[in-house]
Amino acid sequence: MNDKRTAGKILQDISQSLDHFTKETAISGLLGGYTGAALFFAYYYQFTGKQKYLKKAHQLLERGVHDMAATALPFNYCNGIAGIVWNIQHLIKAGFVNEEGMDDIFEDVDEILGQAMLDAVQQGQHDFLHQGLGIALYFLERDQHPQAKHYLTTLVSTLESTAMETEDGISWQDHLTGLGGKPPGEVTFNMGLAHGVPAVISILGMIYQKGIAVAQTDDLIRKGISWLLKAENSPEEGLTALYPVLTDVSHQALTGKQSRLGWCYGDLGIATTLLNAGIWLADNTYQEKALQIFHHTLAHRNIKNSNVHDACLCHGSAGIAHIYRRAWLQTKDPALLTGATYWLQEALQMNTHKDSPGGFRFYAKDGYENSYGILEGVAGIGLALMAAIDEDTDPSWDRCMLLC
């Protein structure tokens, strides 16, 4: 199979599918709506050099600004205002959009989002996708503005105050995805990059990288990683995952020790968090541990035992391929490139749904369905395919998923 030729044809199909989707949908969110399509079109313009795709991106961004003013949208990152303005800010910094005339837009939302973020996190609402933490990503993209630095500095202090101290380090309680019907007073901790402790550590690391509250973030990151590493499963026959999905305060797995292979949950998100923390803090021990985890997944996980049913970024084959590729870009470890190639080919082989966008479908609770967004749909698959076949361009869009 000629991966580049195949991916190029699929990208054309995805572009056409997203063109139809954006004309029909009223959903504006970054990870599931037309704002994500704007991100795809901007990078597809870079990939193809065709001005019409940049024009589509600009039209969708203008639509997003209008909808923010006219519609009562949530504040969160996944499907709310924070994701929309993160995308605008990111595309400005990447050179796809002229920032002239944009200042009023950002200044209007800074105070609203900043206060919403701090209020949510103060209440223990740490979830990256759906609660307060993800709003920080917008301020990280806007880091040169004094208001952004103010809110990020205050966020660090708020995360310090909401951390739970244990004998193994510190952690942050899960208040969204925990077990239903759990006993009163039982504390749960989420181990996923989408919703849990790795996301908190990643945001703190990104703040550290910006030179904000350096001593404070360094301390919190190290204590958080200390706790995280203590949650590693003890070896068992037939167990392929190193880390569970949910734990209690004593690191006992609450829903079984096995976890899927993907971005949202499982070993890859933890390895990514450790690798980035090691790079930011210049700590080789974290980088070495990350590579150990990556190599374990390469040796023990495959399409059959990883709960992979589609190609989506969240927990599908294209997302897995991109995580390995991003790690390879950071380390140049050839085993990671081999893993990225394996999972890319798995993704290309899932392009079998003739009447679906780009030939892909998302495996949902009730079966396969069409999906167009970044997290679960073809916009995200398309971004991963471009990164795979255009080795000369840094896929900086993946900051939207805490990958760099």
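**Close-up views of cavities, pockets and selected residues**

**Figure 1. The second largest cavity and its lining.** Thirteen residues, written here as 13, line the second largest cavity, and those nearest its centre are His126, Gln173, Asp174, His195 and Gly196. The model shown in this and every other view is predicted. The space in the second largest cavity amounts to about 60 Å³. Its lining comprises four nonpolar, seven polar and two charged residues.

Figure 2. The residues that line the largest cavity are Tyr43, Gln46, Phe47, Leu383, Met386, Ala387, Asp390, Thr393, Asp394, Pro395 and Trp397. Helices α2 and α14 each contribute at least two residues to this lining. By class, the lining of the largest cavity divides into seven nonpolar, two polar and two charged residues.

**Figure 3. Helix α14 and the helices packed around its buried residues.** Helix α14 spans residues 378-389, twelve residues in total. The distance from its first C-alpha to its last is 16 Å, close to the 16 Å expected at 1.5 Å a residue. Twelve of the twelve residues of α14 are buried, so the helix is largely enclosed by the rest of the structure. The buried residues of α14 include Val378, Ala379, Gly380, Ile381, Gly382 and Leu383, together with Ala384, Leu385, Met386, Ala387, Ala388 and Ile389. These buried residues pack against α1 (3-24), α2 (34-48), α12 (317-331) and α13 (334-349). Among them, Leu383, Met386 and Ala387 also belong to the lining of the largest cavity.

Figure 4. His322 is located in helix α12. The relative accessibility of His322 is 3%, and the residue therefore counts as buried, the cut-off being under 20% relative accessible area. With neighbours within four places in sequence left aside, His322 is in contact with Ala384, Ala387, Pro395, Trp397, Asp398 and Leu403.

**Figure 5. Trp263 in the largest nonpolar core.** The largest nonpolar core contains 142 residues, and the members that touch the most others are Phe40, Ile203 and Trp263. Apart from neighbours within four places in sequence, Trp263 is in contact with Phe128, Leu129, Leu193, Ala194, Gly269 and Leu313, among others. The contacts of Trp263 also include Cys314, His315, Ile323, Leu375, Met401 and Leu403. In soluble globular proteins, nonpolar side chains tend to be buried together.

Figure 6. The volume of the largest pocket is about 350 Å³. The largest pocket is lined by 20 residues, of which Cys78, His130, Cys314, Leu375 and Glu376 are closest to its centre. Cys314 and Leu375 are also among the contacts of Trp263. The lining of the largest pocket has eleven nonpolar, seven polar and two charged residues. For the second largest pocket, the volume is about 210 Å³. Its lining is made up of 14 residues, and Met206, Gln209, Trp280, Arg399 and Cys404 lie closest to its centre. Helices α4 (81-93), α6 (135-141), α8 (197-209) and α10 (267-281) each supply at least two residues of this lining. By class, the second largest pocket is lined by seven nonpolar, three polar and four charged residues.

Figure 7. Ala213 lies in the loop between α8 and α9 (214-229). The phi of Ala213 is near 50°, a positive value in a residue other than glycine. Ala213 has a relative accessible area of 23% and is therefore partly exposed. Lys332 is placed in the loop between α12 and α13. Although Lys332 is not a glycine, its phi is positive, at about 60°.

**Figure 8. Ser226 in helix α9 and its separation from Glu167.** Ser226 belongs to helix α9. With a relative accessible area of 32%, Ser226 is partly exposed. Ser226 and Glu167 are 59 residues apart along the chain, and their C-alpha atoms are separated by 9.8 Å.

Key. Residues numbered from 1 in each chain as written. Predicted model: local features only at pLDDT ≥ 70, side-chain atom pairs only at ≥ 80, totals over all residues. Heavy atoms only, no water. Core = buried A, V, L, I, M, F, W, Y, C linked by side-chain atoms within 4.5 Å. Buried < 20%, exposed > 50% of the residue type's maximum accessible area, 1.4 Å probe, protein only. Contact = heavy atoms within 4.5 Å. Helix = DSSP H or I, 4+ residues; strand = E, 2+ residues; numbered from the N terminus. Expected span 1.5 Å × (residues − 1). 1 Å grid on protein atoms, 1.4 Å probe; cavity = no way out; pocket = protein on both sides within 12 Å on 5 of 7 lines; lining within 4 Å. Nonpolar A, V, L, I, M, F, W, Y, C, P; charged D, E, K, R; others polar. Points joined across faces, edges and corners; volume = space filled by probe spheres on them.
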